[in-house]
Amino acid sequence: QMQLVESGGGMVQPGGSLNLSCVASGIIFREYWMRWFRQVPGKERELVGSITRDGITVYADSVKGRFTLSRDNAKAMVNLHMTNLQPEDTAVYYCNAVMWVGANERAYWGQGSQVTVFS
């Protein structure tokens, strides 16, 4: 059974750092792109960053230079290291595994992790 289990997150003051991890089971991890999304109440889920099967990363402009994605295929794990956190980064963060087979998308989601940045 496929599962994405997130850990990390929490509360931090502005300028602080946090790390989110996501461990996958039940899939061939190396075949999937891994992404992190975030969502605040009343708003659409926002793509924070993506890391391809080959380790190429792309970030939203709002987090570029502050957040870093990495993956360890041997451990089936993806990490999101967040630095210089600001109150606008407060959200529930979701890990996502996605692959495309032709026109079909196969995607899985983690349970969500709260990140709160407060003064």
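R45 lies over the face of Y94, at 3.9 Å from the ring centre, and R45 also lies over the face of W109, at 4.6 Å from the ring centre; a charge sits over a ring if NZ of Lys or CZ of Arg is within 6 Å of the ring centre and within 35 degrees of the ring normal. The model is predicted, with local features needing pLDDT of at least 70 and side-chain atom pairs counting only at pLDDT 80 or more, while totals for chains, interfaces and linings use all residues. Residues are numbered from 1 along each chain as its sequence is written, and side-chain values use heavy atoms, leaving out hydrogens and water.

A search of the whole structure finds four aromatic pairs, where rings of Phe, Tyr and Trp (its six-membered ring) pair if their centres lie within 6.5 Å, and planes under 30 degrees apart count as stacked, over 60 as edge-to-face and the rest as tilted. One of them joins W33 and W100 edge-to-face, at 5.4 Å centre to centre and with 90 degrees between the planes. This pair links distant parts of the chain, since W33 is in strand β4 (residues 33-39) and W100 in strand β9 (residues 91-101), 67 residues apart; strands (E, at least two residues) are DSSP runs, numbered from the N terminus.

F37 and W109 form a tilted pair, 5.0 Å centre to centre with 55 degrees between the planes. Because F37 lies in strand β4 and W109 in strand β10 (residues 104-109), the pair ties together parts that are 72 residues apart in sequence. Ring pairs also link F37, Y94 and W109 into a cluster.

Methods: Helix = DSSP H or I, 4+ residues; strand = E, 2+ residues; numbered from the N terminus.
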